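Thanks for coming, everyone. Please have the model up on your screens.

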Amino acid sequence: MARQFEAEDGDDRPRGDTSPYPVEEIAAAWERERPGTPVSSIGIVTPIWQLAKLLGDDRRRVLTRAGMDPATLDLLSVLRRSGEPYTLTTRELGRRSMVTAGAVSQRVARAEREGLVTRRPGEGRPRTVLIELTPAGHELIEATVDQVLHREAELIDGLTPEQQEQLAGLLRILLQDTQRKLGDDRIGQVGEA
């Protein structure tokens, strides 16, 4: 259920919240101390950093309770989302996870030891390795992804569905534009999913 915010004296904080919004204080202080310094990014970038930290920490807590680590979640999620037969090459795993071949190798080795995936040579392609989700891996990812996604839906339910859609669209634009400006289309794995 979306929590509605009622304006008090023109701000968007929940009723009864009289604490100052630190981001506004930071921007105002820089404007005071360095007139002419552009501060508009502070109101966007600082909350994104703060949210990334909070969401990443919360996801790690959920995963710890589920008995999984973020790297294993990422590996099993990529395999599960690929559809039946839940098998991908190590190269494709790296591309979809946006991690190096070395990271894929480490993740696969750990998951294989835990009985969550199997590894076999690709047919007709000498150096191709196929990674397949095992029944135990399938069961674990089904249970864990529900916990993670239900929790994250809970964390954003302070926004209406329309606000969530609008924010998702704006974040997509900001991410794509930032990637273009930096010449870097990789996605860092803050909370890894």
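First, a term: two strands pair if DSSP finds at least two bridges between them. Helices (H or I, at least four residues) and strands (E, at least two) are DSSP runs, numbered from the N terminus. This is a predicted model, so local features need pLDDT of at least 70, side-chain atom pairs count only at pLDDT 80 or more, and totals for chains, interfaces and linings use all residues. Residues are numbered from 1 along each chain as its sequence is written, and side-chain values use heavy atoms, with hydrogens and water left out.

Now the sheet. It is open, has three strands in the order E1-E3-E2, and the pairing is antiparallel. E1 (87-89) and E2 are the edge strands, each pairing on one side only. On average, neighbouring strands are turned by 25° against each other, direction ignored. Angles run from 0 to 180 degrees between N-to-C directions, and axes are lines fitted to C-alpha atoms, for helices over the stretch in contact.

Go pair by pair. E2 and E3 run antiparallel and are joined by five bridges. Pro-121 stands opposite Val-129 in E3. Arg-119 faces Ile-131 in E3.

Next, the loop between E2 (117-121) and E3 (129-133). Thr-128 lies in it. Is Thr-128 buried or exposed? Buried, with a relative accessible area of 15%. The cut-offs are under 20% for buried, over 50% for exposed, and partly exposed in between (1.4 Å probe, protein chains only). Leaving out residues up to four places away in sequence, Thr-128 touches Thr-89, Arg-120, Pro-121 and Gly-122. Contact here means heavy atoms within 4.5 Å.

Helices now. H3 (residues 70-81) lies across E1, E2 and E3, at about 90° to E3. H5 (residues 101-113) packs on the sheet too, touching E2 and E3, and its direction makes about 120° with that of E2.

Last, the core. A nonpolar core is a set of buried Ala, Val, Leu, Ile, Met, Phe, Trp, Tyr and Cys residues joined through side-chain atoms within 4.5 Å. The largest one has 20 residues. Leu-79 and Val-117 are among those with the most contacts inside it. Which element gives the most to this core? H3, with five residues. Not counting residues up to four places away in sequence, Leu-79 touches residues including Leu-88, Val-117 and Ile-131.
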